[in-house]
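This report describes the architecture of a protein chain and a selection of its side-chain pairings. The sequence and structure are shown first.

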Amino acid sequence: MTSALPQASTILASLGQAAFVWDIATDAMIWSDHLAAVFPDIPTGSLASGAEFSKLIEPARGIRSDALGHSSPARNGDGVPYRIEYGVRTSTSAPVLWIEETGCWFAGADGRPARAHGIVRINNERHARDEQLLKLSRNDPLTGELNRTHLVGSLAEAIEEASRFRTSCAFMLIGIDHLARINDAFGFDVADAVISEVARRIRTRLRGGDVLGRFSGNKFGLILKNCTVDDMNVAAERFLAGIRDEVVPTTSGPDHGVDRRGQHAAPRAQCRRGDQPRP
């Protein structure tokens, strides 16, 4: 005796997926059964039409309509495949549910999209993995700030922007003195803790729009937007004071470094002011 096969909608729901048919002319959306298993926290009314569903979408509400409108219809009435990714949530306080949507749309007599059908699937794990890979490619793994490649890219963009809009910007290097001595005396873990703490202190003193990145092992690069020479001098003193005026706590105790006499000394920061780009 063989067991009856489950309905397709049941199989889809067990995989975190749901199928739909979207009548674009009337904007009505019809979904497969067990939709609540895929969207447990979204009211059914918010999934009843393309317009209502779009209100849940982040970051671009029109991403579904754009996907259908930016491709040419296939010949002989065949469907045009598409694939998009987006996030949905019912309120700003709710967590984002990441969705991958694949489907086909079909043109009406006027050649414009008239109907679409497809499948949506929960994609949280893949999205998180992709975001992590993107972050690793852009950011320094120790401090979380931009790596040198993307810092230099951001600097090029800042110079181009300053030239186009006839504004000013500045590039500053902040170096940590005695880092090699800290490595030798206390190990790389302590030196890494010092680097991370210096990055954090610089970050908390940045203005909105400024950019911070790790330029090399003991140096950070800062891009300061709308910054004059006088502004740059004031900013340099602010960053230096934020680093040198308070000890750096580590697992081996506070502010570890070694001075020329072999005595314990706090790590110091040193600013090098880059030339101010001129438009």
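How many helices and strands make up the secondary structure of the protein chain? In this predicted model, the chain contains nine helices and 12 strands. It has 279 residues, of which 39% count as buried. Its accessible surface comes to about 16,000 Å², with 52% belonging to carbon and sulfur atoms. Among contacts with a separation of 6 or more, 57% join residues 24 or more positions apart.

**Helix packing**

Helix H7 (residues 179-186) packs with helix H8 (residues 188-204) at an angle of about 145°, and their axes are 7 Å apart. H7 contributes Leu179, Ile182, Asn183 and Phe186 to the contact, while H8 contributes Phe188, Val190, Ala191, Val194 and Ile195. Eight of these residues are nonpolar, one is polar and none is charged.

**Salt bridges**

The structure holds 14 salt bridges, including those tabulated here.

| Pair | N to O distance |
|---|---|
| Lys55 and Glu52 | 3.0 Å |
| Arg89 and Glu58 | 2.8 Å |
| Arg201 and Glu197 | 2.8 Å |

Arg89 lies in the loop between strands E4 (80-88) and E5 (97-107), and Glu58 lies in strand E3 (residues 57-58), so this pair ties together parts 31 residues apart in sequence. Glu58 is partly exposed, at 25% relative accessible area. Lys55 is partly exposed at 46%, as is Glu52 at 30%.

Arg201 and Glu197 both belong to helix H8, four residues apart, about one turn of the helix. Arg201 counts as buried because its relative accessibility is 3%, and Glu197 is buried at 15%. Elsewhere, salt bridges with shared partners join Arg83, Glu85, Glu100 and Arg121 into one network.

Key
Residues are numbered from 1 along each chain as its sequence is written. This is a predicted model: local features need pLDDT of at least 70, side-chain atom pairs count only at pLDDT 80 or more; totals for chains, interfaces and linings use all residues. Side-chain values use heavy atoms; hydrogens and water are left out. Axes are lines fitted to C-alpha atoms, for helices over the stretch in contact, and angles run from 0 to 180 degrees between N-to-C directions. Helices (H or I, at least four residues) and strands (E, at least two) are DSSP runs, numbered from the N terminus. Contact means heavy atoms within 4.5 Å. Ala, Val, Leu, Ile, Met, Phe, Trp, Tyr, Cys and Pro count as nonpolar, Asp, Glu, Lys and Arg as charged, and the others, Gly among them, as polar. Buried means under 20% relative accessible area, exposed over 50%, partly exposed in between (1.4 Å probe, protein chains only). Accessible areas come from the Shrake-Rupley method with a 1.4 Å probe; for residues, only the protein chains shown count as cover. A salt bridge is a side-chain nitrogen of Lys or Arg within 4 Å of a carboxyl oxygen of Asp or Glu.
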